[in-house]
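Trainee: I would like to go through this model with you. Could we look at it together?

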Amino acid sequence: MVVQEPGTPRALERHLRPQSVAETSFEELCAALGAVRGSLNPAANPLVRGVSLNPQVVQPGDVFLAISGARRHGAEFAATAVANGALALITDAQGLAHLPADFQLPVATVENVRAVAAAAAQRIYGTATRCPQLFGVTGTNGKTTTTFMIRSILEALGTETGLVGTIEMSARGQIIPSVLTTPESTQLHGVLASMAEQQVDAVAMEVSSHSLSYGRVDALSFAVAGYTNLTQDHLDLHGTMQEYFETKAQLFTPERSQRAVVMVDDAYGQQLADRALVPTESLSLDAGHPGADWRVENLQHSGLGHSFNITHRDGRTLSTRTGLPGMFNVANAALAALMVLASGVPLHALQQALDASDPLSVAVPGRMQVVGESPVAVVDFAHNSDALAKALDSVRPGPGGRRIIVFGATGDRDTTKRPDMGAVAVRHADIVIVTDDDPHGEDPAPIREQVAAGAARAIEAERPEVQLHNIAPRAKAVEFAVSLAGANDAILVAGRGHEVSQDVAGMDVELDDRVELAKALKLHGFVTIP
C-alpha cells in the first residue's frame with residue numbers, strides 16, 4: 001500500500017512541479033534521450049507528464065528513471081513506482097535483470113541513466129524555454145550568504161525572485177516545502193518550471209561540487225556564475241584539491257553559464273579567472289591583486305559590518321555597505337552586487353537599489369547570526385579550517401575580552417581536516433571547546449579526540465596559554481562556554497548554523513545552536529537579541 005499523507009516525500013514532491021505540463025509521448029522522450037525501446041510492450045506509447053529518480057515520490061503519469069545506486073539498483077523498486085502511477089521506465093542494461101517477471105510497463109534503456117535525467121526533465125517540464133534567469137554561486141564557503149544577498153538586491157530592484165539553497169527554497173517570498181537539501185536534477189527542473197509559472201523572473205542558486213558531480217544542474221544555463229573561494233573540504237568525494245577545483249570549474253563553461261564573476265584572492269580563483277571559457281570579470285579585496293577588474297576600496301567599519309566601494313579599473317564605482325560582520329561578508333556582498341551588475345542591470349539602477357534598501361545587510365539564518373551582544377554570541381555554519389579562521393577573526397571581543405569557540409567535526413566525511421580544524425581554533429581563539437557536530441554513522445568520541453589532538457599540538461607548539469576542553473553533548477558544551485564568558489568576551493558556536501537536528505547514528509536528535517546559545521545566555525544572566 002502506498003502512503004500518501006500530506007507531509008510525506010511523495011506529497012511534498014507535488015510542490016516541486018509546475019501545475020501545467022505539455023504531455024510528451026514516451027517515444028518522443030526516448031528519441032530525445034537516445035534511449036532504446038525494449039521488448040516489453042514495444043507498441044505502447046503513453047503520454048507522460050513527469051519524471052522521477054525516486055520511486056517513493058513518483059506521481060501519476062511519470063516516467064521512472066531507475067538508476068544503479070551504491071547498494072541497490074533502482075529497478076528493484078519498480079513495483080513501488082508502478083503503484084504510485086508510473087507509466088513507463090527508463091533504466092540501464094543492469095536494471096533489466098532486476099525487473100519483476102510480470103512487469104508490464106514499456107521500458108527503454110540508456111547507458112547511463114543519471115546522465116540523461118536532467119535532459120529528460122528539461123524535455124518534460126519545458127525548462128529550455130520556461131525558466132527564470134539563473135544566478136549560480138559556487139565555492140567552498142559563502143555560497144548561502146551570497147545567494148541571499150543576490151535575492152535581496154533583485155528584490156530591491158523590483159524583481160520577482162526565487163532561491164534554491166541549503167537553508168531554503170522559495171518563490172516570491174513563499175517557502176517551497178521540501179525534504180531535500182540539494183534537489184535532484186529532475187526535481188530542480190520541476191521547481192524552476194513551477195517558479196516560471198508563478199512569474200518568478202530570477203533565481204539565486206547555490207551550486208555545490210556535489211550538484212556538479214552528480215549532474216543535478218545539468219541542462220541549465222546560468223545567466224551569471226559566481227565563485228567565492230576554494231579551501232579544503234569534500235575530499236571524501238573528490239580525493240584531491242585539484243579534482244575539487246576541476247569540478248567547480250565546470251560551471252564556468254559555455255555549456256553551463258553565459259557570464260561570470262570570480263573572486264581572485266586565492267590561487268584557485270586566479271586560475272579560474274584565467275581559464276574561464278565565458279566572459280569573466282575578476283574581483284579582489286586584496287591590494288596584492290592590482291590586475292583585478294574590480295577592487296574593494298575605502299573600507300570602513302559600519303556597526304558590526306563595513307561600508308566600502310567596489311571600483312572598476314575604468315573608474316566605475318559602486319558605494320555600499322553590509323551589516324554582516326567579517327571581511328568574508330564584504331567579499332560575499334561585493335560578489336553579489338557584481339553578479340547582478342553582470343546580468344545587465346544598469347550601474348545607476350543598482351546604486352539606487354543599494355542606497356535605498358541596504359540589501360546587503362540581509363539576515364541569513366545561521367550565518368554569522370548574532371544571538372547576544374554582551375558577550376558577543378554568534379552562531380555560524382563554518383565547518384572547515386578556512387571558514388573557522390575567518391569566522392573567529394570576525395567576532396570581535398571587547399577590551400580585554402577573549403574569543404571562545406565551540407565546534408566539532410562531522411562524521412563520515414574528510415577525516416584529514418579534523419586535526420587541522422583543532423589547530424586553527426587554537427591559533428584564533430583563547431578558549432577552545434571541542435564537541436560533537438553531526439557524527440552520522442561514526443562513534444563521536446574518536447572524532448572529538450582527533451580534533452582535540454590537533455588543538456593540543458598547536459597549544460604545545462604555538463600558544464600554551466590557550467584553554468582546551470573536550471565536552472559532549474553539544475548543548476552542554478555551549479552552556480559551558482557561556483559559563484566561562486564575561487561581558488567583554490566573544491563566543492562563536494560553529495559548524496551547524498541553521499540546522500535544527502543532529503544526525504547521531506542515523507537518528508535525528510533535536511538540536512538548534514541558536515536556541516541552545518540563547519538558553520545558556522539567559523541562564524547565566526546575559527541579554528539575548530530577540
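Trainee: Which residues are buried in helix 18?
Mentor: In helix 18 (residues 513-523), the buried residues are Asp 513, Arg 514, Glu 516, Leu 517, Ala 518, Ala 520 and Leu 521. Buried means under 20% relative accessible area, exposed means over 50%, and partly exposed lies in between, with a 1.4 Å probe and protein chains only. Helices (H or I, at least four residues) and strands (E, at least two) are DSSP runs, numbered from the N terminus.

Trainee: What should I keep in mind about the model itself?
Mentor: This is a predicted model, in which local features need pLDDT of at least 70 and side-chain atom pairs count only at pLDDT 80 or more, while totals for chains, interfaces and linings use all residues. Residues are numbered from 1 along each chain as its sequence is written, and side-chain values use heavy atoms, with hydrogens and water left out.

Trainee: Back to helix 18: what covers its buried residues?
Mentor: The cover includes strand 19 (369-373), strand 20 (376-380), helix 17 (474-484) and strand 24.

Trainee: And what is found at the start of helix 18, and what follows the helix?
Mentor: At the start, a side-chain oxygen of Asp 512 comes to within 2.9 Å of the backbone nitrogen of Arg 514. After the helix comes Gly 525, with a positive phi near 85°.

Trainee: Changing topic, how many salt bridges are there in the whole structure?
Mentor: A search of the whole structure gives 26 salt bridges. The criterion is a side-chain nitrogen of Lys or Arg within 4 Å of a carboxyl oxygen of Asp or Glu.

Trainee: Which residue meets Asp 438 in a salt bridge?
Mentor: The side chain of Arg 496 does, at 3.7 Å from N to O. Arg 496 lies in the loop between strand 24 (490-494) and strand 25 (501-504), and Asp 438 in the loop between strand 22 (431-434) and helix 16 (444-461), so the pair ties together parts that are 58 residues apart in sequence.

Trainee: Is Arg 496 buried or exposed?
Mentor: Arg 496 counts as buried, at 0% relative accessibility. Asp 438 is buried as well, with a relative accessible area of 7%.

Trainee: What else does Arg 496 form a salt bridge with?
Mentor: Arg 496 also forms one with Glu 499, where the closest N and O atoms are 3.7 Å apart. Glu 499 is partly exposed, at 23% relative accessible area.

Trainee: Which residues are linked in a network of salt bridges?
Mentor: Glu 13, Arg 17 and Asp 62 are linked in such a network.

Trainee: What about Arg 172: which side chain does it meet in a salt bridge?
Mentor: Arg 172 meets the side chain of Glu 160, at 3.4 Å from N to O. The pair links distant parts of the chain, 12 residues apart: Arg 172 is in the loop between strand 10 (169-171) and strand 11 (174-175), and Glu 160 is in the loop between helix 6 (143-156) and strand 9 (161-164). Arg 172 is partly exposed, at 38% relative accessible area, and Glu 160 is partly exposed, at 29%.

Trainee: Where does Thr 161 lie, and what does it touch?
Mentor: Thr 161 lies in strand 9 and is buried, with a relative accessible area of 3%. Leaving out residues up to four places away in sequence, Thr 161 touches Arg 151, Leu 154, Glu 155, Ala 171, Arg 172, Gly 173, Val 200 and Ala 202; contact means heavy atoms within 4.5 Å.

Trainee: Which side chain is joined to that of Thr 161 by a polar contact?
Mentor: The side chain of Glu 155 is, at 3.2 Å. A polar contact is a pair of N or O atoms within 3.5 Å; within protein, one must be able to donate a hydrogen and the other to accept it, and residues adjacent in sequence count only if both atoms are side-chain atoms.

Trainee: Now the rings: how many aromatic pairs does the structure hold?
Mentor: The structure holds one aromatic pair. Phe 245 and Tyr 268 form this tilted pair, 5.4 Å centre to centre with 35° between the planes. Rings of Phe, Tyr and Trp (its six-membered ring) pair if their centres lie within 6.5 Å; planes under 30 degrees apart count as stacked, over 60 as edge-to-face and the rest as tilted.

Trainee: How many disulfides does the structure hold?
Mentor: The structure holds zero disulfides, a disulfide being a pair of cysteine sulfur atoms within 2.5 Å.
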